[in-house]
Amino acid sequence: MGTRIIDPQPLMFDHAAQFFTVTDPLFAELVNKWLDRGLAREWKGTVGNLERGQFFPFPSSPPRYIGTNGMRPLADSILSQTNMVNVVRPCWISKVEPYNGLWHLNENGKPCGKFDAIVIAHNGKCANRLLGTSGLPLIGRQMKRLELSSVWALLAAFEDPLPIPGNVEGAFVKKSDSVSWIANNTKKLLNSENGPHCWSIFSTASFGKRNKVPQENIPTATAEKVKASMLEGVETALGLTAGSLQKPFYTRVQLWGAALPTNTPGVPCIFDPQGRAGICGDWLMGSSLEAAALSGISLANHFFRVQRVFIWLCCRLPITFKVVELVKMSLLLVYMMNFNHLMDMILASFQD
């Protein structure tokens, strides 16, 4: 969920997730709260497929949603709803190690705190590097099975409207080697027909693979090559003759090196109760904002259940019982018993 604003014009681009849909009742409850608070709104702009100048619109149902002021402000608003989360920036955790029952986090040798549990909401080689020294082989093996595609994002601002058929705000581009999606942020986010006209343009996975470089340090020559190729792809998608597309007055390229999964484990989260560690993310069940939200909720529920087991044991065992043994017993119970059955037993014991 990323929105980039370029001053002083200002120019505005959603450069990651473009919109989201709702199919799950639990996620629907969350989205309804966003709608009530004005954080999200239905995207009623025309969306469809675009192929060499011909546009094929999608039906308006099911509805599509966007952040009212872009996708990034929606993410920021979620964080602002709690005082239990402390975001540290800039910080790049390079190592996680278990020691004396706690997780020790490091950033290039600099200690970043000790924690009871860890959650990795990330994928790709960075997550695999973290898990390499974590002592969590089951989670590590699952992560290494994941295959990810790379996608280039080109942000381009034009003085005049692009000659696209109809009142189109977003389109999946078909039969293009370089471009898979284009969206008019000026219409989508600002509901404006006036310039400048800010477009988000995404590459195909095959184009991303052929032109993959370290995303933290993109060579200038690669950036220029990618920009030119993707603008040619837009030209072809619009059915224009070669060289007739107007030149943008602003461009920026960004590489999402671990953008979309090509395979998925099909589970909402991966949880290791003994290691007090879990993984969540949209890529576990596909690639959508709904999948990300449901994954986070599922992992939170797993941690909550283990905590309830611990509290229940504290209430039932003698005071002299060692805390370490409490933890071992609670984790053993988690492994031996189905979570739902265990929770029923705990709740019944509270009613005694």
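How many salt bridges does a search of the whole structure find? The search turns up seven, a salt bridge being a side-chain nitrogen of Lys or Arg within 4 Å of a carboxyl oxygen of Asp or Glu. Keep in mind that this is a predicted model, where local features need pLDDT of at least 70, side-chain atom pairs count only at pLDDT 80 or more, and totals for chains, interfaces and linings use all residues. Residues are numbered from 1 along each chain as its sequence is written, and side-chain values use heavy atoms, leaving out hydrogens and water.

**View 1. E51 pairs with K175 in a salt bridge.** The closest N and O atoms sit 3.3 Å apart. This pair links distant parts of the chain, 124 residues apart: E51 belongs to strand β4 (residues 46–51), K175 to the loop between β12 (168–173) and β13 (179–184). Strands here are DSSP E runs of at least two residues, helices H or I runs of at least four, numbered from the N terminus. K175 is exposed at 66% relative accessible area, while E51 is partly exposed at 25% (buried is under 20%, exposed over 50%, partly exposed in between; 1.4 Å probe, protein chains only).

**View 2. K95 and E97 meet through their side chains.** Their salt bridge spans 3.5 Å, N to O. K95 is partly exposed at 34%, and E97 is partly exposed too, at 33%.

View 3. E224 is partly exposed, at 44% relative accessibility.
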